[in-house]
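Student: I would like to learn how to read the features of a model like this one. Could you take me through it?

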Amino acid sequence: MHPGIIFFLVILGSILFHIFTPWYWTDIASNWGGMDDTITLTFWVGGGVFVAVCLFMVYCVFKFSYKEDRKAEYKPEDKRLEKILTWATTLGVIALLAPGLIIWNQYVTVPKNALEIDVMAWQWGWQYRLPGKDGKLGTTQVININDENPFGINLDDPYGKDDVMIQSDAINLKNNRPVKILLRSVDVLHNWYVPQFRAKMDAVPGVVTFYWFEPNKTGEYEVLCAEYCGVGHYAMRGTVLVQDEQEYETWLGEQETFLDLIAKQQNLVIGDTKLAKNNNLNKE
Amino acid sequence: MSDEYDNNKTYQAQSSETMGGSAPTSPDMDYVRPAEIPDQELYHGHSFITKWVFCQDAKVIGVQYFLTAVFTGIVGLILSWLMRLQLGFPGAAGFMTAEHYYQFVTMHGMIMVVYFLTALFLGGFGNYLIPLMVGARDMVFPYVNMISFWMFFIAVAVLMASFFVPGGPTGAGWTLYPPQTILPGTPGAGMGILLMLVSLSLFVIGFTMGGLNYLITILQARTRGMTLMRMPLTVWGIFTATVLAMLAFPALLVSAIMMTLDKILGTSFFMPTILQAGEVLEYGGGSPILFQHLFWFFGHPEVYIVALPAFGIVSDLISVHSRKNIFGYRMMVWAIVGIGALEFLEY
């Protein structure tokens, strides 16, 4: 078979595979349709260049294959052609880069009404904290973390007392309400990623990183850790349940606040040893 | 170096005589005068050891680099088979535990990127081709060149040794992100990671010796008439890649040293206050992001350190086998240099 035909079949096969592949992204369930559009544009630019270059090769293989009586033309440079190629490449690169910058700007501009959620990651699991009635999360420190204070909330921070604590890897979100995910890690790098929301960010120990999204489809989704974090990385999963307002409020009402937790522990402990410990932390 | 310089002077004296005293005052680019450079004393290994083992001949060093790189490449290849085996038939092989899988991924990545490709293209092709293609007698520092290879060889030996230490090689991912890399939750967080860091440091030191050689040979030891704009694109690719490598690898070296200190002496360059199994560790105040900056200051250029020599080789191969000169040679040179410059913006 002529090599040009084989080459052409490779091009055709690549395109057909792209169209009919069973491995494509999951259905989107958030506001980040722009991310998908950007990737689609990347496919178009990259795919277009791939097909154009390969077809040109096929053409050359047919047109300029070896003939005994033909001599190669000497043409070391062509200013015009080189200029066209340079500008076309520049345009292609701009098309690849510019939409990303626009999306990134939206990504770090969090809407005012976004609900803040503290996502705390450790080896290997998740837990979540929602602001209480005051609408604000209390400040935290890794050094405060212990059995009585699983989130390491600063005890002298008045905003922290009514925080809703979800000590489980499952969290519920309200449909069509933007959320600001505040990521922190107590040990190594992690990444709270729900493929359907099309958004992720590393959780870095020592800093709080953030991103936002607005879920717009009710249902249950799987959380994956998207930054390699040690031997249990593959099993570091969780679930997100996106609910309508009423169901969400019911669920929220059933959750425990930090005050509840403190009270429960005081009842459990005979004597005031643990409270004294808390008070000590308070003074520091 | 000084020998060659002297040779040039004698040669100029000779040529002005033969041309009847009307020697051009400025070197003529188009007319290359017939060179009559007297023979030079070049390195000649006579025993087996000096000829094949501790050899200062760039061609032999090139082959040594090539073979060592291919050997590590085969190890990396086998690791990738094992990974594919696990993906295709999960649990079919009993030894493919999660720990081993992560270790193989890590070692495969590091071997292929650093110990195979970089060593193959720059160490192997670089040493073999540069003197031949620019018309130099040998590398300008043959002895340093020999040491460069043996540093690389020791680096590979240390890397391979990490397969046989307690806990096995590091399984931290080829990016080696702290704090995970040196904490017990990662396979090979004991000896494995230390050997990896030592091996990387040795590699960078060895490569710096080789890299200086490539740069200075290309800039200083070209034959008469071999102007920069006449060099084969392969040499341009290797040259630009070496410039990138000389700027990028030091970042890897310092991050390896800093992480070694974090691991052994308990410094906190990359370690913030963290909790391990409910206990607060003694680290505090460091930044994992700092490591990522240093690592990717090396990692992004590394892509083109590997790619640019290949670009050059492909250009030359296609032009030779299609019996055409390279179209737009000057633009190609500037494109290669431009890729090198843009590369550092990518970081």
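Student: In what order do the 6 strands of the open sheet in chain A stand?

Tutor: Strands of a sheet pair through backbone hydrogen bonds, either parallel or antiparallel. In chain A the order is 8-5-1-2-3-11, with mixed pairing. Strands here are DSSP runs (E, at least two residues; helices are H or I, at least four), numbered from the N terminus, and two strands pair if DSSP finds at least two bridges between them. This is a predicted model: local features need pLDDT of at least 70, side-chain atom pairs count only at pLDDT 80 or more, and totals for chains, interfaces and linings use all residues. Residues are numbered from 1 along each chain as its sequence is written, chains are lettered from A and ligands numbered from 1 in the order in which they are written, and side-chain values use heavy atoms, leaving out hydrogens and water.

Student: Which two strands of chain A run antiparallel, joined by 5 bridges?

Tutor: Strand 1 (residues 115–122) and strand 2 (residues 125–130) of chain A. There, A:Trp122 stands opposite A:Gly125.

Student: How much area do chain B and chain A bury between them?

Tutor: The size of an interface is often given as the accessible area lost when the parts come together. Here that is about 2,400 Å², 63% of it on carbon and sulfur atoms (1.4 Å probe, summed over both parts). B:Tyr102, B:Leu275 and B:Phe327 supply 26% of the area that chain B buries against chain A, more than any other three residues.

Student: Which residue of chain B forms a salt bridge with A:Glu77?

Tutor: B:Arg330, with the closest N and O atoms 2.6 Å apart. The rule asks for a side-chain nitrogen of Lys or Arg within 4 Å of a carboxyl oxygen of Asp or Glu, and it finds 1 salt bridge across this interface.

Definitions and conventions: Buried area = accessible area lost by both parts, 1.4 Å probe.
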